[in-house]
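Here's a quick walk through one protein chain, written for someone who would rather look at the model than at a table. Have the viewer open and follow along.

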Amino acid sequence: MHLKCSDTSQNQTAKWADGFSAKGCHGSQTHLFNHPFLQAVGMFLGEVSCLAVFYIIVCHDRRKPEPQMASARKFNSFIFLPPALCDMTATSIMYIALNLTSASSFQMLRGAVIIFTGLLSVAFLGRHLTASQWVGIFFTICGLVVVGLADFVSGNNDQGSKLSHVITGDLLIIIAQIIVAIQMVLEEKFVYKHDVHPLRAVGTEGMFGFIILTLLLIPMYYIPVGQFSGNPRGVLEDALDAFCQIGLKPLIFVALLGNILSIAFFNFAGISVTKEISATTRMVLDSLRTLVIWIVSLAVGWEQFHGLQILGFLILLAGAALYNGFHKPVLAKLPWRKERMEEEYERERLLTENKDSINVSP
């Protein structure tokens, strides 16, 4: 429950910050708080806090008469740099997209990561997907199409400029999921084999992302992007304008702080409960998170009700269930399936016994 609430608050606080309007520096006109790259820096700051929590836990464990944590193995911290670059790029793109589309569509379209993770794991990790996983990917694609169609219909009912923004935002989310999938493949191929503590891994990636993106804010201050920008100077990111807006409207700082804390708590809670709950429970929590985001967005008036979103959500849910194999326990309870599984088990048992008898024969 804590995991669901923290990630829900992460999306809602980010969207809340985007909805504030305030004057900027040098008496500029009132405008929306549109600073995705600065928000991404805040996200990495939340991840860096996991590194502090890790060392606190280590120090506390070492004071015990019998420490329970294994001694940390030495590893090159730069193995986290490629995943951190992917995380930085994907996060920045998603914060831009969140300014353009609804929070519920943002959450649903993130399900596209299943498609790209599956395809990349086949190409680069040598995995073989089962028939049900391919069907799950197909369902996910169909669900994404339906969610995109819902956004198209909702945007078409408003002004044309909003429709173009919504479509752009949806496409940016899909692009971000490709980068997230690359990050997952990189982590599995190069990072997991070092057996690094999850909190330390998240914190180290966050540290790289925080340092790099903070430095990139300097050239972003001078790069003109015209109408693509949401700040008065028309540059890629105006951090000074953001700080001026925060100073004039402290509620923006509250929203950003809530986002940072929710990200830190989400990573910590996610790592803490991973060993305690099943994959089915995690999927249910993820589905509830999407529903909560949708309900809250409707309640505060950030978006309107569209039946196609429900259909898209259900199709995405079916796709995720098939991809993760949650249909197998259901099929196993069917009478004809149960008999077939018993026959396969008996055949495997006989083959094992014959093999053992051959091995022990003189």
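## The overall picture

Helices here are DSSP runs of H or I with at least four residues, strands are E runs of at least two, and both are numbered from the N terminus. Counted that way, the protein chain has 14 helices and two strands. Keep in mind that this is a predicted model.

The protein chain has 362 residues, and 43% of them are buried. Now take the contacts in the chain with a separation of 6 or more: 79% of those come from residues 24 or more positions apart.

Which residues touch the most other members of the largest nonpolar core? That would be Phe-33 and Leu-213, in a core of 51 residues. Helix α3 is the top contributor to this core, giving nine residues. There's also a second, separate core, made of seven residues, with Phe-75, Ala-84, Ala-201 and Phe-208 among them.

## Where α2 meets α8

Next, find helix α2 (residues 36–62) and helix α8 (residues 198–220). Their axes come within 7 Å and cross at roughly 150°. The crossing of α2 past α8 is left-handed. What sits in that contact? Sorted by type, its residues come out as 20 nonpolar, five polar and three charged.

While you're on α2, look for Val-58, which is part of this helix. Val-58 has a relative accessibility of 12%, so it counts as buried, the cut-off being under 20%. From Val-58 to Gln-68 is ten residues in sequence, and their C-alpha atoms are 9.6 Å apart in space.

Thr-91 sits in helix α3, which covers residues 81–98. Is Thr-91 buried or exposed? It's buried, because its relative accessible area is 5% and the limit is under 20%. Its side chain reaches the backbone oxygen of Asp-87 at 2.7 Å. Beyond its neighbours within four places in sequence, Thr-91 is in contact with Ala-40, Met-43 and Phe-44.

Thr-140 belongs to helix α6 (residues 131–156). With a relative accessible area of 1%, Thr-140 is buried too. Who does Thr-140 contact, and which residues are they? Setting aside neighbours within four places in sequence, the list for Thr-140 has Gly-111, Ala-112, Ile-114 and Ile-115, plus Leu-316, Gly-319 and Ala-320.

## A cysteine in α9

Last stop: Cys-244, in helix α9 (residues 239–248). How does its accessibility come out?

Which residues does Cys-244 contact, leaving aside neighbours within four places in sequence? They are Lys-23, Gly-24 and Cys-25.

Note on methods
Residues are numbered from 1 along each chain as its sequence is written. This is a predicted model: local features need pLDDT of at least 70, side-chain atom pairs count only at pLDDT 80 or more; totals for chains, interfaces and linings use all residues. Side-chain values use heavy atoms; hydrogens and water are left out. Axes are lines fitted to C-alpha atoms, for helices over the stretch in contact, and angles run from 0 to 180 degrees between N-to-C directions. A crossing is left-handed if the near helix is turned anticlockwise from the far one by less than a right angle, and right-handed if clockwise. Ala, Val, Leu, Ile, Met, Phe, Trp, Tyr, Cys and Pro count as nonpolar, Asp, Glu, Lys and Arg as charged, and the others, Gly among them, as polar. Buried means under 20% relative accessible area, exposed over 50%, partly exposed in between (1.4 Å probe, protein chains only). A polar contact is a pair of N or O atoms within 3.5 Å; within protein, one must be able to donate a hydrogen and the other to accept it, and residues adjacent in sequence count only if both atoms are side-chain atoms. Contact means heavy atoms within 4.5 Å. A nonpolar core is a set of buried Ala, Val, Leu, Ile, Met, Phe, Trp, Tyr and Cys residues joined through side-chain atoms within 4.5 Å.
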